Amino acid sequence: MANKILEIDALTVSFDGFKALNNLNFAMNEGELRVIIGPNGAGKTTFLDVITGKVQPTQGKVKFKGKKLSGRAEHDIARLGIGRKFQTPRIYLNLTPRENLELCCNQDKSVLSTLLKPTPKAERRTVGGLLETIGLDHKSDKPAALLSHGEKQWLEIGMLVAQSPDLLLVDEPVAGLTDEETERTGELLIALAESHSVIVIEHDMEFVRQIARQVTVLHEGSVLCEGTMDEVQNDPRVIEVYLGSETSITPDQMLLLRIAATMAWADGNFAPIQQDVILDRLSRQFAQDANEQASLRHDLKDLLAKKIPLEELVPKLTTPAEREQALMLSYEVISSNQVNQAEAVVYQKLLKLLDLPPETVSRLEAAALEQLKTYQ
Ligand code: ADP
Ligand code: MG
């Protein structure tokens, strides 16, 4: 029988009495690639937070390679061999992909010493191999700032692998990627699964189908069912929870929201009033009911955490009408509070990217302020 890399027993996590995870049981074999899916709020991120020690269980046990994890600090758990890829890439943009990877292979060295000292031969091979694995060998010596969103994600996955973890945890790796990048991410994860145990959390069903052998469905903090993609997709319980939370918002509408949300997040602080403005607009224009609104609120928070730059979002707006709508919604959002320096800068950037005639801008700004009054 294969060894268990992870065993989770009756795990409960309460936040002020609310059970984000509720008596959850889970086990996974060494070498497995497991995908975890579930509607928003199912507890997927909390599940990873407990495994990495970011959140302590209220009840229950987590065992990694037979060792109990409860009570251990995050860095201690990382040292045991659990690596996590966060949603926001954490890479040094001024350094090249090669330098970023070298830093990870040299955990105890400072940024400066890695740059100044020649890299030992053996290590260079590892970094070279990694660059090839993540498909960045042709861009290895350009600043990481020039990479696409997808390439940054791959670099971060490479940086994680450079630390040689036994278990890789990957939270929504394809959000915001193009179809082609999504497919290549799937190939990368499958390649990594040959030498690591991997848990991937994902929303994108097509992507799950591409990579998944075994799927675990979470719902309301517990495991709803497990099986192959075909088995879980045909399970009536899964169909029910997914239909119950499906939003009818289109990708175009979501894009508008993300642009507006980027405004609100300009100063690193998404004020509740701005959140309300966005959601109010949503509920009027896009969302059909309160359920959908709650689900959108959650999606937006996740999207915000990814901090996708405007330069990547705005070009995806295809029609002038969409560009006008993006301006109005964004102006509403920043005007819902006193406009601060950071927001003003981002707004100027948006205007430049949108490239609308000045008369149109003034007209839309005035209309946005009118619109805002209707909420007050
Ligand atoms: P998922 O990743 O599946 O969308 P999460 O694990 O992020 O779900 O959240 C599960 C539930 O727990 C949600 O209802 C969320 O609002 C709640 N939750 C998550 N973290 C906290 C926290 N720190 N405090 C209070 N509630 C939280
Ligand atoms: Mg999540």
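Tutor: Contact means heavy atoms within 4.5 Å. Keep in mind that this is a predicted model.

Student: What makes residues of α3 and α6 count as meeting?

Tutor: Contact is set at heavy atoms within 4.5 Å. On the α3 side, P97, N100, L101, C104 and C105 meet L155, G158, M159 and A162 of α6. By class, this contact has seven nonpolar, two polar and no charged residues.

Student: Why are α3 and α6 called roughly parallel to each other?

Tutor: Helix α3 (residues 97-105) packs on helix α6 (residues 149-162) at an angle of about 25 degrees, and their axes are 8 Å apart. Angles under 35 degrees count as roughly parallel. The pair α3 and α6 is therefore roughly parallel. As for handedness, α3 passes α6 in a right-handed crossing.

Student: What makes α6 roughly parallel to α7?

Tutor: The angle between α6 and helix α7 (residues 179-192) is about 10 degrees, with the axes 10 Å apart. The cut-off is again under 35 degrees, and so α6 is roughly parallel to α7. In this contact, G150, E151, W154, I157 and V161 of α6 meet E181, R184, T185, L188, L189 and L192 of α7. Six of these residues are nonpolar, two polar and three charged.

Student: Why are α15 and α17 called oblique to each other?

Tutor: Helix α15 (residues 320-335) and helix α17 (residues 358-373) pack at about 50 degrees, with axes 9 Å apart. Roughly parallel needs an angle under 35 degrees, and roughly perpendicular needs 65 to 115. The pair α15 and α17 is therefore oblique. Their crossing is right-handed.

Student: Which residues of α15 meet α17?

Tutor: They are E324, L327, M328, Y331, E332 and S335. Among their partners in α17 are T360, R363, L364 and Q371. The contact of α15 with α17 divides into nine nonpolar, three polar and four charged residues.

Student: How many cavities of 30 Å³ or more does the structure hold?

Tutor: One. The largest cavity contains about 40 Å³ of space.

Student: What makes a space a cavity?

Tutor: A 1.4 Å probe fits there but cannot get out. The lining of the largest cavity is V50, G53, V55, Q56, P57, V62, L69, S70, R72 and I77.

Student: How do you know which class each lining residue of the largest cavity belongs to?

Tutor: Val, Leu, Ile and Pro are among those that count as nonpolar, Arg counts as charged, and Gly is among the polar ones. The lining therefore divides into six nonpolar, three polar and one charged.

Terms used: Residues numbered from 1 in each chain as written. Chains lettered and ligands numbered in written order. Predicted model: local features only at pLDDT ≥ 70, side-chain atom pairs only at ≥ 80, totals over all residues. Heavy atoms only, no water. 1 Å grid on protein atoms, 1.4 Å probe; cavity = no way out; pocket = protein on both sides within 12 Å on 5 of 7 lines; lining within 4 Å. Points joined across faces, edges and corners; volume = space filled by probe spheres on them. Axes fitted to C-alpha atoms, helices over the stretch in contact; angles between N-to-C directions. Helix = DSSP H or I, 4+ residues; strand = E, 2+ residues; numbered from the N terminus. Parallel < 35°, antiparallel > 145°, perpendicular 65-115°, else oblique. Left-handed = near helix turned anticlockwise from the far one by under 90°.
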